[in-house]
Amino acid sequence: MNSHFIVIGAGLSGLNIARKINDLKLGSVEVLEKSRGVGGRMATRRTLDTKFDHGAQFYRLKEDITKLHQSWKQNGISHQWFVSNLGDHWCASSGMTSLAKSLAENLQINLLKEIRTIRYENKMWKIISRDNEEWLCNNLIISSPTPQTVNLLNELSTESVIDSNLFSELKKISYTKALIALITLEEDFILNDSGYCEFEAGQFFSISDQKRKGVSNIPAFTVTMSAEFSESEFENSEELILHKILEIFKSDYPKAKIKNAELKKWRYCRPQTQINKLFLEIAPGLFLIGDAFGGSSLLGAVRSSEALGNYLTERHESKLD
Ligand SMILES: Cc1cc2nc3c(=O)[nH]c(=O)nc-3n(C[C@H](O)[C@H](O)[C@H](O)COP(=O)(O)OP(=O)(O)OC[C@H]3O[C@@H](n4cnc5c(N)ncnc54)[C@H](O)[C@@H]3O)c2cc1C
């Protein structure tokens, strides 16, 4: 029987593995994504005024991402933003989501499919969505942040379908939260030379100038609060959170004139610890990938999905021998 793969999650790791399965002809592949668009935490949002990257701001050019980088660069989707002592930083002028969209081209992606239940029946994985739609496959790849993956796997763990030691490891991974203000300004404001500022202390994690990146055509900043601020304020009302962020921003940057502001919340921003493997096969034909395995960044998401791609290729070739 031909391998049929289902990938849960159309973030960078999910899209990259689906692309590899498709391009290397390892089997047929379908992606199920709960949101209305692809990209996951590589996210771009349109507000009333303009566009913002409100998840990942850039990728660092390192070996793991070279192949993807070459195709993004050749297609004119990504451009160099700045170089610092941490390396070469690249972004996309149509927003980081455009990088995901380019990977998603010609793949079978089903949006607005929130998966709620996974079962193992007659040696097949049965996947059931919130709207009770069902899919069957012999290889299932889950790429959601690990706390969401744990929820999906809970039922299987009580039936002893999955490896209990690995499941315990998985349950230990927690994520930082992120509160973000998307701010448009009345006029240009120079943050620094690059237009990106990361803070070692204080209540901001980073400020990113969307106009300097080429994402916004009007002055606009993505202000990401520190993990500590985000954790302590996360459950407050959105109005109060935004008010607090704007007060801090005004006090630190009194000359920047705020026009409009919106709040964005990420319950799962970055994994606080890592699993010591690039991917997990938690039951035969059930694989877990993502930044909790490869490292807490876009590079980590690529690293994890590339490692699974290599493993599946070897498995495929050994079956052909
Ligand atoms: C605010 C912020 C700033 C960041 N800045 C940077 C940066 O500048 N550079 C960098 O390299 N990294 C950055 N990161 C980290 C980077 O974005 C992530 O490491 C990377 O995008 C993770 O990719 P992923 O594919 O592992 O997971 P995700 O991108 O989270 O993809 C998982 C997908 O699964 C979907 N999903 C979840 N549950 C279900 C379900 N039940 N059914 C169907 N679909 C489901 C989600 O909707 C999502 O699309 C940042 C992250 C955040 C939040």
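The centres of domain 1 and domain 2, taken over C-alpha atoms, are 29 Å apart; the domain bounds come from an automatic or database domain assignment. The model is a predicted one, in which local features need pLDDT of at least 70 and side-chain atom pairs count only at pLDDT 80 or more, while totals for chains, interfaces and linings use all residues. Residues are numbered from 1 along each chain as its sequence is written.

**Domains and their contact**

- Domain 1 covers 4-48 + 61-173 + 273-320, and domain 2 covers 178-266.
- Ten residues of domain 1 are in contact with ten residues of domain 2, where contact means that the C-beta atoms of two residues, placed from the backbone, lie within 7 Å.
- On the side of domain 1 that touches domain 2, the elements giving two or more residues are β3 (44-46) and β6 (78-84). Such elements are DSSP runs numbered from the N terminus: helices are H or I with at least four residues, and strands are E with at least two.
- That side of domain 1 is made up of four nonpolar, four polar and two charged residues. Ala, Val, Leu, Ile, Met, Phe, Trp, Tyr, Cys and Pro count as nonpolar, Asp, Glu, Lys and Arg as charged, and the others, Gly among them, as polar.

**The shell around the ligand**

- The ligand is surrounded by 41 residues, and the closest are Gly9, Gly11, Gly40, Gly290 and Ser297. A residue is near a molecule if its C-beta atom, placed from the backbone, lies within 6 Å of it.
- Two or more residues of this shell come from each of α1 (12-23), α4 (146-158), β13 and α10 (298-320).
- Helix α10 gives the largest share, four residues.
- Sorted by class, the shell holds 18 nonpolar, 16 polar and seven charged residues.
- Both domain 1 and domain 2 give residues to the shell around the ligand, so the ligand lies between them.

**The five-stranded sheet**

- An open sheet is formed by five strands in the order β14-β15-β16-β13-β17, with antiparallel pairing; two strands pair if DSSP finds at least two bridges between them.
- Strands β14 (196-198) and β17 (258-266) stand at the edges with a single partner strand each, so one side of each has no neighbour in the sheet.
- From one strand to the next, the twist averages 15°. Axes are lines fitted to C-alpha atoms, for helices over the stretch in contact, and angles run from 0 to 180 degrees between N-to-C directions.
- Five bridges join β15 (residues 204-209) to β16 (residues 220-225) in the antiparallel sense.
- Val223 in β16 stands opposite Ile207.
- Helix α8 (residues 238-252) lies across β13 (178-185), β16 and β17, at about 65° to β13.
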